[in-house]
Amino acid sequence: MRSRNVLVVLFEGVQSLDVTGPLEVFAGANERQTSGGGEPEYVVHTAALDARPVRTSSGLLLTPDRDLREVSAPDLLLVPGGVGTRTPCPELVDWIRWAAPRIERIVSVCTGAFLLAEAGVLSGRRATTHWAHCESLANRFPDIEVVAEPIFVRDGGVATSAGVTTGIDLALALVEEDLNRDTALLIARYLVVFLRRPGNQPQFSAPLANQTARREPLRDLQQWIVEHPASDLSVAALARRANLSPRQFARSFSSEVGIPPGRYVDRVRLDAARRALGDTGAEIAEIARHCGFGTTETMRRVFLRDLGVSPSEYRDRLRCESSLV
């Protein structure tokens, strides 16, 4: 099979990790292939307008391989994010618009989604970006179905990812698809990252993912939920603790926190279970009880729904990481 051509576009204010993270994954895949006598899986190039060196958001100077105007459409286009996406160069957007129909797979990292949106690539698609910019993306481009929770979203041949390190997760997913799981696992171990965080894994933990309620009873109740995941956290029980009727409580909680109380409780319990799996040697059944799931099967269903892995597989992957540190 021929090597896949990968092109990474560069621009002033690009986020350096959005570029180097995925490139390290592709380089790892190539090393794995060539060490076995094969051809490299990915031929990677970087390009910028006029082939000018660009200054990243952290001050690092990157020198592209090619002039973007002279580059033909690749097999895979990677569009990184960074502060430079706030006022994108029209010529860069025009090139993406021209190239998109000719490209098999298009990937954005973090706010690179805004460049794809400007070029019309995300129109009518599901997409994500860094959690702090999801609302802005949805407001500016109402024809895009913006989903704020997953670390990456794939819609046909277009994939968008969240914050900077999720570009690594998405690149690992592509390697697993193009080659095999063992190769992706080997790369992840070398980079000491989790192989691989499923795309539907939340971008951050439950307490951080939602806003804090304005009113003191609900704000205090949020903290109490985090501290008592194994308690009765039904709407009726929480409403009594907040001195509200169940209907009034559910309406007020959803309005001030941003999600229904039941969903918030699920996230808190999931976070508690994830911490326990990583920080303790407790049996999974014991963790399920202490975190409020009741049974291992209930906890297993929640893990599969929200993370794409079972509790035991989640723990195995964490142990794999820690053995390498």
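Cys89 counts as partly exposed, since its relative accessibility is 33%. In this predicted model, Cys110 is instead buried, at a relative accessible area of 8%. The cysteine sulfur closest to that of Cys110 belongs to Cys134 and lies 9.6 Å away, too far for a bond. Across the whole structure, the search finds zero disulfides.

Strand E1 (residues 4-9) and strand E2 (residues 42-48) run parallel and are joined by six bridges; within this pairing, Arg4 has Tyr42 of E2 as its bridge partner. Together with helix H1 (residues 16-35), E1 and E2 form a right-handed β-α-β unit. E2 also runs parallel to strand E5 (residues 66-67), with two bridges between them. There, Ala47 is the bridge partner of Arg66 in E5.

| Largest | about 40 Å³ | five nonpolar, two polar, two charged |

Strands E7 (105-108) and E11 (158-161) each give two or more residues to the lining of the largest cavity, and E7 provides the largest share, three residues. Arg105, Arg154 and Gly156 are among the residues lining the largest cavity.

For the second largest cavity, H1, strand E6 (76-79) and helix H5 (166-178) each supply at least two lining residues. H5 gives the most, with four residues. The lining of the second largest cavity includes Pro22, Phe26, Leu76 and Leu78. Val107 and Leu174 occur in the linings of both cavities.

Methods:
Residues numbered from 1 in each chain as written. Predicted model: local features only at pLDDT ≥ 70, side-chain atom pairs only at ≥ 80, totals over all residues. Heavy atoms only, no water. Disulfide = S-S within 2.5 Å. Buried < 20%, exposed > 50% of the residue type's maximum accessible area, 1.4 Å probe, protein only. Pairing = 2+ DSSP bridges. Right-handed = clockwise from strand over helix to strand, strands pointing away. 1 Å grid on protein atoms, 1.4 Å probe; cavity = no way out; pocket = protein on both sides within 12 Å on 5 of 7 lines; lining within 4 Å. Points joined across faces, edges and corners; volume = space filled by probe spheres on them. Nonpolar A, V, L, I, M, F, W, Y, C, P; charged D, E, K, R; others polar.
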